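Let's look at a structure together and ask how we know what we say about it. Keep the picture open beside you as you read.

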Amino acid sequence: MIRYIDRYDEAYEAFIAARPEGHLFQSHLWAGVKQNWRWLGVAAGNDDGSIRGAASLLIRRLPAAPWSVVYVPRGPVCAADDVQTLRELLAGVLQAAKKARACTVKMDPGVPAEKAAFLHEAMTSAGFRLLPEEKDFGLIQPQYVVRLDTDGKTAEELFAALKAKTRYNIRLARRRGVAVRVCTADEALDDFYALMEETGRRDHFVIRPKAYFRNMLHALGPHARLYMAYTGDTALAGAIALQYGDKTWYSYGASSGQHREMMPNYLLQWQMILWAVESGSRIYDFRGVSGNMNPDSPLYGLWRFKSGWNGSLTRFVGEYDCILNPAADWLMRRAIPAARRCGAAARAVCRLFRTPGGRNC
């Protein structure tokens with residue numbers, strides 16, 4: 001039995017939070033962050049009303065077009081080998097997508113590739129196609145992440161398991177007077193955003209508006225923390241960590257090009273791991289790295305830093321799409337170059353339209 005939910009539902013939220021596949025992006029809380037998208041929950045239920053599977057949809061009307069796009073971030077949420085529930089959920093998702101006049105439906109399940117055989121069978125049977133593997137952040141969500149197992153472990157055990165250089169750099173940051181604080185948006189968002197702007201210029205990527213981060217911190221409340229590393233009154237590094245269910249994520253990070261010898265990022269990361277431990281999280285997720293482990297890769301430094309924390313490399317199954325309106329999908333892909341020049345509202349959906357190789361058209 002499929003039920004559609006368009007507002008906060010306690011049972012739905014409890015199911016998402018309790019499942020090992022659960023993710024903050026599948027929570028109704030995420031609707032408060034993605035304010036320009038319409039949220040819709042799809043629940044597969046038992047005869048007694050309990051939930052055995054769920055999928056949260058983000059629906060957005062395409063600019064200057066009569067169609068929409070549907071995105072199911074890190075969903076659906078159910079046992080990866082429960083084919084019957086998967087099929088019910090996918091049918092429910094597609095029915096909702098057609099009602100919303102979606103030309104394309106995108107999903108990137110939070111399931112490791114080695115556990116995805118039943119999921120893949122259900123997805124392809126429902127009309128979805130799996131896009132080719134993308135090692136260098138070409139998909140909506142990173143296909144490769146580093147995850148640290150914090151389940152039942154103490155801070156002392158985790159610290160002892162770190163690579164020697166990582167432990168040294170944490171201690172060095174303390175000796176050199178780096179102070180890490182959990183701050184409110186009013187206290188430190190300006191400092192954090194200045195670091196984001198500097199990092200974006202240095203590493204050549206586009207950053208989100210400051211208002212996005214302010215709204216995220218407000219909408220997620222106790223599920224989000226802004227961590228800042230200072231020396232005196234000088235901001236050295238900052239990060240936003242998210243927490244939901246049994247997981248804590250390192251979500252956004254930025255740092256100054258000055259005083260890098262003080263190793264603020266190491267102490268900052270360690271303090272976020274301590275939050276995971278204190279809250280009883282089973283996993284601390286460092287989020288994306290490149291799947292290309294060649295030391296000559298420009299993204300290798302990201303792997304080198306994140307691998308120093310004794311986490312494991314996880315490769316998710318990847319990104320699926322289902323094209324419901326081929327003509328509309330074709331037109332939107334051709335419109336992407338122009339849409340990129342039309343402001344944030346149009347650019348926000350550009351990333352959803354990719355070639356099967358995972359690259360923008």
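Two strands count as paired if DSSP finds at least two bridges between them. Please keep in mind that this is a predicted model.

Q: How do you know that strand E7 and strand E12 pair?
A: Pairing needs at least two bridges, and E7 (residues 144–149) and E12 (residues 283–288) are joined by five bridges, in the antiparallel sense. Within this pair, Val145 stands opposite Gly288 in E12.

Q: Which open sheet do E7 and E12 belong to?
A: They belong to an open sheet of seven strands, in the order E8-E9-E10-E11-E12-E7-E13, and the pairing is mixed.

Q: What makes E8 and E13 the edge strands?
A: Strand E8 (179–183) and strand E13 (312–315) each pair on one side only. From one strand to the next, the twist averages 30 degrees.

Q: What makes helix H7 a helix that packs on the sheet?
A: Contact means heavy atoms within 4.5 Å, and H7 (residues 185–203) touches E8, strand E9 (224–231), strand E10 (234–244) and strand E11 (247–255). The direction of H7 makes about 65 degrees with that of E11.

Q: Which strands does helix H8 touch?
A: Helix H8 (residues 210–220) also packs on the sheet, touching E9, E10 and E11. The direction of H8 makes about 45 degrees with that of E10.

Q: Why is H7 called oblique to H8?
A: H7 and H8 pack at an angle of about 140 degrees, with their axes 10 Å apart. Angles over 145 degrees count as roughly antiparallel and those from 65 to 115 as roughly perpendicular, so an angle of about 140 degrees makes H7 oblique to H8.

Q: Is the crossing of H7 and H8 left-handed or right-handed?
A: The crossing is right-handed.

Q: Which residues of H7 and H8 meet?
A: In H7 they are Ala185, Asp186, Leu189, Asp190, Phe192, Tyr193 and Met196, and in H8 they are Lys210, Phe213, Arg214 and Leu217. Sorted by class, this contact has seven nonpolar, no polar and four charged residues.

Q: Why is E9 called mostly covered?
A: A residue is buried when its relative accessible area is under 20%. Six of the eight residues of E9 are buried, so E9 is mostly covered.

Q: How do you know that E9 pairs with E8 and with E10?
A: At least two bridges are needed. E8 and E9 have five bridges in the antiparallel sense, with Ala179 opposite Tyr230 in E9. E9 and E10 have eight bridges, also antiparallel, and the bridge partner of Thr231 is Thr234 in E10.

Q: Which residue in the hairpin of E9 and E10 takes a positive phi?
A: The residue is Gly232, with a phi near 65 degrees, in a hairpin that has two residues between the strands.

Q: How do you know that E6 and strand E14 pair?
A: Two bridges join E6 to E14 (residues 320–323), and at least two are needed, so E6 and E14 pair. The two strands run antiparallel, and Leu130 stands opposite Tyr320 in E14.

Q: What is the order of the open sheet that holds E6 and E14?
A: This sheet of seven strands has the order E1-E2-E3-E4-E5-E14-E6, with mixed pairing. Strand E1 (2–5) and strand E6 (129–130) are the edge strands, as each pairs on one side only.

Terms used
Residues numbered from 1 in each chain as written. Predicted model: local features only at pLDDT ≥ 70, side-chain atom pairs only at ≥ 80, totals over all residues. Heavy atoms only, no water. Helix = DSSP H or I, 4+ residues; strand = E, 2+ residues; numbered from the N terminus. Axes fitted to C-alpha atoms, helices over the stretch in contact; angles between N-to-C directions. Buried < 20%, exposed > 50% of the residue type's maximum accessible area, 1.4 Å probe, protein only. Parallel < 35°, antiparallel > 145°, perpendicular 65-115°, else oblique. Left-handed = near helix turned anticlockwise from the far one by under 90°. Nonpolar A, V, L, I, M, F, W, Y, C, P; charged D, E, K, R; others polar.
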